[in-house]
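These are my notebook entries on one protein structure. I set down what I looked up, topic by topic.

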Amino acid sequence: MRLRVIWACSINAYRNNPRKTMTKNVYQSLCTGFLGLLLMLVHLSALAQPGNRTVSGTVTDEKGDGLPGVSIVLKGIGTPDQMRGTTSDANGQFKIQVPNQNATLTVSFVGYASQQITVGNRSTVDVQLAADNKSLDEVVVVGYGTQKKSDLTGSVSSLRSESIKEIPATSLEQAMQGRLAGVQIQQSSGQPGAGVSIRVRGVTSIAGGNEPLIVIDGLPQVNSDVRSSNVLATINPQDIESIEVLKDASSTAIYGSRGANGVVIITTKSGKSGVTRISYDTYVGVQQVRKRLDLMNGSEFLAYTNQLLTNSKQPITAEVTNAKNANTDWQNELFRSAVQQNHNLSLAGGSDRVQYFVSGNYLKQDGVVRGTNYTRGGLRFNLNASLSKRFSVATRFTASRSVQNGASPPDGTNTQNFGKSVIGSIVIAPPTVAPINPDGSYGNVRPYSFSGLDVENPLAFANEAIDRRTITRFQGGIDLKFQPIQGLTNTFRLGFDNLERRTDAYLSRLLPQVSSGAGIGRLGLLNSFNVLAEDFLEYKRELTPGLVAEAIVGASFQTERQDITNLEASGYLSDDLKNYNFAAATNVNKPQTDIIRNTIISAFGRVRVNYKERYLLSASLRRDGSSVFSKNNKYANFPSVGAGWNISQEEFLKTNRYLSNLKLRASWGQSGNQAIQPYQSLSLGNTVNTGQGAGTGLSVGLSPTLPNDNLTWETTTQTNFGLDLGFLNDRYRGSIDYYVKTTGSLLATVQLPPSAGYNTIVDNVGEVQNKGVELVLGATLINTADWRLNVDANVSWNQNRVTKTKDNRDLQSGGSNDASQTLSIIRVGEPLSSFYGPKFSGFDDKGKQTWVDQNNDGKITSADFVTLGSPYPTMIYGLITSLSYKKVTFLMTWQGVEGAKVNNVGLYALTTPVLGFNRLRSAPDYFPVPATSDVLNRSDLFIEDASYLRLKNIRLDYRLPTGRVLKNASVYVSGQNLLTYTKYSGFDPEVNAFSGNDVRQGVDLGSYPAVKAYTLGLSVSF
């Protein structure tokens, strides 16, 4: 009854208001009805307390208009739990009970500066709040400088350190997932330290790669798309202050030939002047396999074998009827609960002249598959110093070392195919075999005469094989700034990135199928040294009252040298030395060594004009020269232009009390992609042994790739239109962007006919278009002294389509050493890397698969193959909610994709009628009458919907009491990937076995299972 009275009173208060509007109706319903309901209950309970007196008043904005939903909280007496509060009504009026004249009121509202007012002897307290446009004044980092968010003409998404640390992430990309519109983050597998792909507004390239340029503190980084390891995981996420993703060409063109796939700018933390702050963050967690496959047990496997032999008209021999049944669940044997822990200690502080930030980090993550783990340790030192009024210096230095022990994943070749991998062996090894024999030896997973070759004992594989990557990285830089006159600054930047990667692999003599029982050792060494030198002038001046101009002009030189060594040997007499002594092997291959140099020389400039914060104009031009390309195309220009109109700053809208931000943006520009390997345009020699002559044959120099003097980089032309909206000082906010992104001169490796005398040629072969819409919405639904509720959502739609190929020809995947047997195609009118094959049409009356005969010739051949879907999603989205009550905060992050397909090679391998290997329990759904003579086609029956919705992170945080020494402290529990809604039948739909410069995409080739995790963390600062 009391609730009805309160609600009726609030409705009547609004109805009696002659200035009612639609917006006020929303506020009256949300704020007065919901928040007022909660806080007025507290207010009513206080009326019974003796000594209280009523204080009333009105809260207005800077124009004198009443503000509804403002929080008024009593402070100054008692404990936080005794605080009382109320909210202003639709006219900005409020009443509150105060105990005495020493009471203090805290008045706060989203978008306005809070005030604290001592009541004294007054019975009426009127408050006028001043606008606090922090969201519009927020500074974001762009190429070679910073800008206020309100001054942007391009499309930029931002993430701050507060959001990054909400997720216990191994790598910074994981903290970005689901939070940035138009940015798809895809974990290639669940293996600790595995590669993560970043896609900004779709894919644009084949051989050129699709990873964005990563710039850390001004230094463009090595960002190789390696599935097994993640170089960016060497960066400690807790050292990051902000991440900005430049998406449109107006923003990325300043990076020229490397900006076609977007630019991710990472700024690390700096110290602040004042008291030194010591911070310690730690968490410990337990990980589990998110999903297990429903495989046959021993009895079901033997029954299936009997059925398969009978249908194949083969005799059921004694080895089957008398077979022992250990009933082994290989998933239970190899999968485990795995512990992860992270420790981060930092020291920050300084004076007005010098600020410093020092941190140390240690992370250890055990994998959910036996024998796998990831360990990282790192140190960082950042220093800013003002040497004088005109000179300043900023230094950045970090050192890290990481070790990843992997699960020997399949690489898609005949040497290491699906079954010759740890995960593949786990799911196809027969369950009738025991992992360990009574004598301590490993069980033989090929116990039958019909057993296949492509399987190893999974436990032996996990225990005896080595698959290790060790990365040691030193990177840093120094910025020297000189200000000769007011408004003019010269910056000289020198940076370096030294990366050493060692890859150790050993296949034991106890693995007879993959090592032929002789042992195989491999060693790969990569040393990459990257140096950057830049100098640029910045000038900012108010030309006339209200007209501000900024200009930047500079030059850049960056060079990289890679030293590569690969060794391989076989025929070890013992496993004791593994791959650490190649002299112990009987067969040692010739060492493969290489030195690769790559240099980019650039000049760039940019101009921005801002007139009265209303009219914005920007233009940039970069000219790049790259050693990667041929003599005919070493230089190219990359221009851009952008414009913005802050309509909310116009005089006719300045008096509007509800509309806080209304801006139109438009931009056009060009950027490039030159991420092919150096020397691919040249005639290269390979040394091979032929069958000619005596002994091992003659060494002959061959050139497998035809030189191409006209090879040039891919050029992306992008047009972007955007609208930004904010209401009630951005309490309700949003933006929408529409873009058309066309990439021409696609780079690809093209097969040549034998008559050409060459195998392949790297050529510019076509054009692809990405077209899409990005929508970002956010709201602060509750904002009082005790309660705060924020909801932010983003959704992006993207359509990818090939618009042109050279001579209108298709490009297909596959080759003589492709064990994945997946077919993908690049065809005009279809998305890049579309799946390709026959279309499944059902089962005939004999229970056999049938396919659509596209040309009606009575047989199924490659002429009947059609496109079967795209590996790329048509929609990605994220939802982030944050609810706080006093010292408790509850966070949730949801993330998902729609429209993507996955070629599930594992499903094909686990359902086809083959003797000796375990199958899924659902195998009869795919082959109702299994027989070894069945015709097998990799149709769309095995290409599955990879759409999913995932609870990426859920976290409950409690702020502990603090004092004179302890400044901040909080403890939290969180969970990652606890819920995933998907129709995909494999371990996880978020999978991709091949790198981004492979025609084959969206392939599940025995992927490492995804994990869910439970984490307990502590954060303190002194």
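I began with how elements are named: helices (H or I, at least four residues) and strands (E, at least two) are DSSP runs, numbered from the N terminus. The model is predicted, so I noted that local features need pLDDT of at least 70 and side-chain atom pairs count only at pLDDT 80 or more, while totals for chains, interfaces and linings use all residues. Residues are numbered from 1 along each chain as its sequence is written, and side-chain values use heavy atoms, with hydrogens and water left out.

Entry 1
I looked up V284 and found it in strand β17. I recorded the classes of cover: buried means under 20% relative accessible area, exposed over 50%, and partly exposed in between (1.4 Å probe, protein chains only). V284 has 42% relative accessibility and therefore counts as partly exposed. V284 also belongs to a nonpolar surface patch of about 740 Å², together with V286, V339, L883, V888, F890, L956, Y958, V973 and L1016. Patch residues have over 30% relative accessible area and no salt bridge; like charges are joined within 9 Å, and nonpolar side chains (Val, Leu, Ile, Met, Phe, Trp, Tyr) within 5 Å. A salt bridge is a side-chain nitrogen of Lys or Arg within 4 Å of a carboxyl oxygen of Asp or Glu. The areas come from the Shrake-Rupley method with a 1.4 Å probe, and for residues only the protein chains shown count as cover. Which strands each supply at least two residues of the patch? I listed β17 (274-289), β47 (888-898) and β50 (948-959).

Entry 2: a five-stranded sheet.
I traced an open sheet with mixed pairing in the order β10-β15-β16-β13-β14. β10 (156-160) and β14 (219-220) stand at the edges with a single partner strand each, so one side of each has no neighbour in the sheet. Two strands pair if DSSP finds at least two bridges between them. β13 (residues 213-216) runs parallel to β16 (residues 263-268), joined by four bridges. Across this pairing, L213 stands opposite V263 and V215 opposite I265. β15 (residues 240-246) pairs with β16 in the antiparallel sense over six bridges, and I243 has I266 as its bridge partner. Is β16 mostly covered or mostly open? I found it mostly covered, with five of its six residues buried.

Entry 3: cavities.
I counted 12 cavities of 30 Å³ or more. On a 1 Å grid over the protein atoms alone, a cavity is a set of points where a 1.4 Å probe fits but cannot get out, and lining residues have an atom within 4 Å of a point. Grid points are joined across faces, edges and corners, and a volume is the space filled by probe spheres set on the points. The largest cavity holds about 480 Å³ of space. Its lining has 34 residues, of which Q174, Q187, K952, N977 and V1011 lie nearest the centre. β54 gives the largest share of this lining, three residues.

Entry 4: positive phi.
I noted that most residues other than glycine have a negative phi. S408 has a phi near 45 degrees; it lies in the loop between β21 (391-405) and α10 (422-428). Its 6% relative accessibility is why S408 counts as buried. K578 has a positive phi of about 50 degrees, in the loop between β25 (547-572) and β26 (585-588). K578 counts as partly exposed because its relative accessibility is 25%.

How values were computed:
On a 1 Å grid over the protein atoms alone, a cavity is a set of points where a 1.4 Å probe fits but cannot get out, and a pocket is an open set with protein on both sides within 12 Å along at least five of seven lines; lining residues have an atom within 4 Å of a point.
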